[in-house]
Amino acid sequence: MNESKTVPIKDDVDFARLSEFMREMEAMYPDLRVFSVGESIRGREILAARLGNPMAPTSTLYVGAHHGMEHITSAVLMRFINEYFQYRADGRRMFGVGMDFIFERRAIYVVPMLNPDGVELSLHGADEKSPLYERLLKMNGSGDFTHWQANERGVDLNHNYNAGFVEYKRIEKERGIFGGCASGYSGEYPESEPEVSALCGLIRTLEPNVILTLHTQGEEIYCGGDYASKKTLGVGHLIAEMTGYTLAVPTGSAAYGGLTDWFVREYGKPSFTLECGRGENPLPHSDFPKISAGLRELLFSLPMLI
């Protein structure tokens, strides 16, 4: 076993910090596999990590930062990757289960930052060198991108899946959304965006047994609405017990076009969206330790529940 190490996450996580973290972790832990799922509009890699045995009978997928201003979810998943290998190197058990057992019997895939371009916009603003710079300013309505959710083309990635896409287009028009903007535009067609297309490609390859998607905020759990099976609802209640979050049914625009809805409809397997933390988005980095601690049991236990 390698000597364990905690990699500090002291500030908001942007794409450079995520990339640095992945390199550090891969160097420390040879059993960690880091790979690229694809590229964003601006050519940034969509990085993923595999924890555990790729030949294991069940696999779990965790996804963070669909929305640019929800970058705190990337930090939560980075901390999970770090703790997973730290506890395994120390030979410690996590919530009653040996880490070697989890490593051998389960495969866990983590995509900490699906929307690196959106995260960069939220944290650093629009890049004057971007060919989309002028268009970004028009789509945003100002030079302050703090609350930006979409990718750099102005598509809200969590409305770009093929789940109620046509129905959501009607909602877009009612909301006065007719093209790219900071939040709410679903794109020209399902999986039109390279970020969503890349993730769906990974999902079609892995066919995971369960997906957990982290968003912010509200401390609620969504699990596919009317399409959720009894098994999914049962696991949803367990998640509620672990986290203290409320099992809820999305309404309005939140009920269409998301990853959870698409996966539940397409594969009939459990999928959950967690709205992490409370407050006003973007949540401050000072909330990160509390959110991470509150999700630790779930992140380590969910692969064993399926």
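User: What makes residues of α4 such as Pro116 and Asp117 count as buried?

Analyst: Buried means under 20% relative accessible area, exposed over 50% and partly exposed in between, with a 1.4 Å probe and protein chains only. Pro116, Asp117, Gly118, Val119, Glu120, Leu121 and Ser122 are the buried residues in α4. This is a predicted model, where local features need pLDDT of at least 70, side-chain atom pairs count only at pLDDT 80 or more, and totals for chains, interfaces and linings use all residues. Residues are numbered from 1 along each chain as its sequence is written, and side-chain values use heavy atoms, leaving out hydrogens and water.

User: Why is helix α4 called largely enclosed by the rest of the structure?

Analyst: Because seven of the nine residues of α4 (residues 116-124) are buried. Those buried residues pack against α1 (15-28), β2 (45-52), α5 (133-140) and α7 (194-206). Helices (H or I, at least four residues) and strands (E, at least two) are DSSP runs numbered from the N terminus.

User: What makes Glu207 partly exposed?

Analyst: Its relative accessible area is 42%, and partly exposed is the class between the two cut-offs, so Glu207 belongs there. You'll find Glu207 in the loop between α7 and β7, with a positive phi of about 45° although it is not a glycine.

User: Which residues does the cis peptide bond with omega of about 5° join?

Analyst: Thr216 and Gln217.

Conventions
Contact = heavy atoms within 4.5 Å.
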